[in-house]
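Here is a short tour of a protein model, written for someone who likes cut-offs stated alongside the values. Please have the viewer open as you read.

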Amino acid sequence: MRKLWIALTRRKTDDVNEAESQLARVLNLFDLTALGVGSTLGLGVYVLAGQVAYNIAGPAVTISFLIAAIASAFAGICYAEFAARVPKAGSAYVYSYVTIGEFVAFTIGWNLILEYVIGTASVARGLSGYFDSLIDNDMSRALNESLHINVEFLGDYPDFLSFGMVLLLAAILAFGAKESSFLNNIFTTVNLVTICIVLVAGSMNASVDNWRIPESEVPEGFGTGGFMPFGIAGVMAGAAKCFYGFVGFDCIATTGEEAINPKRNIPLSIVVSLIIIFLSYFGVSTVLTMMLPYYLQDKDAPFPHAFDSVEWYTIKWIVTIGAVFALCTSLLGAMFPLPRILYAMGNDGILFKKLSTVNSYTKTPLLATIVSGIFASIMALLFNLDQLVDMMSIGTLLAYTIVAICVLVLRYQDEEMIKVVSVKAPNIFRQLFNGHSYREPNSMTSAITKVGIVVFAIICLVWCSLQKVFDMDTTEGIVSLTVVGAILILICVVIGMQPVSTIELTFKVPLVPFVPCLSVFANLYLMFQLDLNTWIRFLIWIVIGYVIYFSYGLRHSTQITRARNHAELAANTMQNQGQHENPAFEPDYKENKGGLPPSYTFSEKL
């Protein structure tokens, strides 16, 4: 049992015999920022803004995007610090492997595969639906009549357009990161130009009166009118949905082995791309809800409908063409990190090692790219957009949560920590508020932090459960949530009182531990908004992954070889130190009477 625990918690180290990455470093700051923007500005701008405004938040969709942007920023800057610490391909997978252990890393990596597969398939399906709405739904009607699928958990008909688009983009990605990045830059530029056209043309037709519609003029079922027709609850529900419009920027962090100067460019590109994304969403949703009353929006293709209503037909088609390019960009950005995750996990041996084969001509993980394309295209072929979107969020939120936890764990420990022998209860209670005035982390302060993080996550789950049980308007609900909230704040204070790591980084998360703790809280809260069917499908996916890990990955992990290489290196070093025993060449410590030989400590970092 102890051996199994050691295997599950072994952490990734660099192999002393490991060669330099075979992936080519070709992506600069502009490439990375364009990748983040392109992979995110897709469905959110051209579909989500109108959809949330229509029957969830109304004109207050602008506030929903702001709240979602803040929540995403917490996750974004946590990703940025990790990118500065571990510039390796694999995103949250590598980060958790380095800091927590192999089992958790596999869980995160497996969830990221799910996220990117679902993300790719959902954007492809959304693009197909957008195109279909522009031709009066002729395509879906024909396919539904001739090839109707009568299975409850599948879509209504096979979507061959989205199937073909995914395969085509998989082929483009297989040609190489620089070539696919060049195409992505073109698409992203077209996307931003289209958004600028929407902002300018839309603002010329905007009217503040559409934010002040009296309740008497609002159709039944569309709230009370005004700026917040569905109240605060509608704004928060809209924020939960708008949050998924920001999913995608984290693909920047998967390019650690292909980025030029990753420690500087990856954190910077994450921050810059998030700012561009928020400003685009905020501006577009503002213009859209001012052009047309929220209850008259088209959920599938809001902009063509809005420009139709003001009879600007030329702008309508310019925006439509730009939207198609934008959704293609989002499709490319969603699929770009998928083969990289497979490459990283295959390279570590916890998924099939053939996936880590890098083609000598394209310098890309060719087999992983082909497998990714086939898998995602089948998902796009068989499932409809609603089913795909329901599954996309859970893996993303769990990955964001683990990243925030890893930031806290790393910030409050050092590689060479002093072991505190006296860990009696009085010392621990005194150290909760750093009564010992330690300036550097040690084993006791690190343990207090880790326990505090676990307790914080558990109390977050309690708060989310109480929020589901109690009504926020009742006295019981207010009191219970306030008490639990006060406990969460106290735990944050205790963690914040502990000494932090002295390691210098090019980027650090500000206001630690409050920002990572807020990120954990926000992510867990959103996970609680998911329905039971999503959790059931998620658990099935996890079971499949664990069968692969325990039957293959546990025994083929390259960390076993890395640990053996470290042990051999340490043994050889100590042997070489003891070979020269000639008195004329005695070590310094032997010339000092009473001196002791230097201590050689080796920690097999599992």
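Of the 606 residues of the protein chain, 53% count as buried, where buried means under 20% relative accessible area, exposed over 50%, and partly exposed in between (1.4 Å probe, protein chains only). This is a predicted model, in which local features need pLDDT of at least 70 and side-chain atom pairs count only at pLDDT 80 or more, while totals for chains, interfaces and linings use all residues. Residues are numbered from 1 along each chain as its sequence is written, and side-chain values use heavy atoms, with hydrogens and water left out.

**Overall picture**

The protein chain has 23 helices and 0 strands; these are DSSP runs numbered from the N terminus (helices: H or I, at least four residues; strands: E, at least two). Its accessible surface comes to about 27,100 Å², with 65% of that belonging to carbon and sulfur atoms; the areas come from the Shrake-Rupley method with a 1.4 Å probe, and for residues only the protein chains shown count as cover. Among contacts with a separation of 6 or more, 82% are between residues 24 or more positions apart, a contact being heavy atoms within 4.5 Å.

**A buried threonine**

T369 sits in helix 15 (residues 366-382). Is T369 buried or exposed? With a relative accessible area of 1%, T369 is buried. Setting aside neighbours within four places in sequence, T369 is in contact with A170, L173, A174, M335 and P339.

**Salt bridges**

A search of the whole structure finds 4 salt bridges, each a side-chain nitrogen of Lys or Arg within 4 Å of a carboxyl oxygen of Asp or Glu. The table shows some of them.

| Pair | N to O distance |
|---|---|
| R411 and E81 | 2.6 Å |
| R141 and D138 | 2.7 Å |
| K316 and D308 | 3.2 Å |

R411 forms a salt bridge with E81. Because R411 lies in helix 16 (residues 385-411) and E81 in helix 4 (residues 61-85), the pair ties together parts that are 330 residues apart in sequence. Both R411 and E81 are buried.

R141 and D138 are 3 residues apart in helix 7 (residues 138-146), so about one helical turn separates them. As a reminder, an α-helix has 3.6 residues a turn, so residues three or four places apart point the same way. R141 is partly exposed at 42% relative accessibility, and D138 is partly exposed at 43%.

In the remaining pair of the table, K316 counts as buried at 12% relative accessibility, whereas D308 is partly exposed at 29%.

Which residues make the nonpolar surface patch of about 670 Å²? They are F433, I489, L490, V493, M497, L511 and F514. Patch members have over 30% relative accessible area and no salt bridge, with nonpolar side chains (Val, Leu, Ile, Met, Phe, Trp, Tyr) joined within 5 Å and like charges within 9 Å. Helix 19 (residues 475-497) gives the largest share of this patch, 4 residues. L490 lies in helix 19 and is partly exposed, with a relative accessible area of 48%.

Helix 18 (residues 443-469) has 27 residues, which at 1.5 Å a residue should span 39 Å; its end C-alpha atoms are 39 Å apart, so the two agree. The expected span is 1.5 Å times one less than the number of residues.
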